[in-house]
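Good morning, and thank you for the time on the agenda.

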Amino acid sequence: MPEGSNDLGRRAAAVSNAITRLHAEYHGRGARTTRTVIQRNYVITFLEDIYTPVERTLLEAGYDEQVKETRQTFQMAMRERFSAAVEEIMERKVIAFMSQSHVNPDYAAEIFILEPHGSDQAPEDQ
């Protein structure tokens, strides 16, 4: 059954809130701004202003790669928690998770690929 734009909007807001909450709970700080885009089998959450005071200090001292590596390790450790939150909200299984952060400007993206169902499958998959 196709989802209406109101339903997708509510789900997008719920995903944004869940990802921000998980960041705050496990990393000590959530993003200042979080936006989620949902399209077919894809859920992408964009986060702005993500770095903690400790990370900002390291970035100012030139340790960009170490901060990015630590962030990536954290994201992979959180894979199951992030995916479980998205699965609950979307009522679909997450089959892939990717994460990326950027320094200056301060952005991150959490990318979830959902298991295809019905009309979301490519013609060659049907």
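The structure holds 8 salt bridges, a salt bridge being a side-chain nitrogen of Lys or Arg within 4 Å of a carboxyl oxygen of Asp or Glu. Before I discuss individual pairs, please note that this is a predicted model, in which local features need pLDDT of at least 70 and side-chain atom pairs count only at pLDDT 80 or more, while totals for chains, interfaces and linings use all residues. Residues are numbered from 1 along each chain as its sequence is written, and side-chain values use heavy atoms, with hydrogens and water left out.

Let me start with a pair inside one helix. The side chains of Asp7 and Arg11 form a salt bridge with an N to O distance of 2.9 Å. The two residues are 4 apart in helix 1, and therefore about one helical turn separates them. Helices here are DSSP runs of H or I with at least four residues, strands are runs of E with at least two, and both are numbered from the N terminus. Asp7 is partly exposed at 23% relative accessibility, whereas Arg11 is buried at 12%. For these classes, buried means under 20% relative accessible area, exposed over 50%, and partly exposed in between, with a 1.4 Å probe and protein chains only.

Which residue forms a salt bridge with Arg29? The partner is Asp49, with the closest N and O atoms 3.1 Å apart. Asp49 sits in the loop between strand 2 (42-48) and helix 2, and Arg29 in the loop between helix 1 and strand 1 (33-39), so this pair ties together parts that are 20 residues apart in sequence. Asp49 is buried at 17% relative accessibility; Arg29 is partly exposed at 23%.

A further pair is Asp106 with Arg56, whose closest N and O atoms are 3.2 Å apart. Because Asp106 belongs to the loop between strand 3 (94-102) and strand 4 (107-114) and Arg56 to helix 2, the pair ties together parts that are 50 residues apart in sequence. Asp106 is buried, with a relative accessible area of 15%, and Arg56 is partly exposed at 31%. Arg29, Asp49, Arg56 and Asp106 belong, along with Arg32 and Glu48, to a network of linked salt bridges.

I turn next to helix 2 and its neighbour. The axes of helix 2 and helix 3 (residues 64-77) come within 7 Å and cross at roughly 145°; axes are lines fitted to C-alpha atoms, for helices over the stretch in contact, and angles run from 0 to 180 degrees between N-to-C directions. On the helix 2 side, Glu55, Leu58 and Leu59 meet Asp64, Val67 and Arg71 of helix 3.

His27, in helix 1 (residues 5-27), is buried at 19% relative accessibility. Leaving aside neighbours within four places in sequence, His27 is in contact (heavy atoms within 4.5 Å) with Leu22, Thr52, Glu55, Arg71 and Phe74.

Finally, the overall layout. The chain has 4 helices and 4 strands, in the order α-β-β-α-α-α-β-β along the sequence. Of its 126 residues, 40% count as buried. Among contacts with a separation of 6 or more, 54% come from residues 24 or more positions apart.
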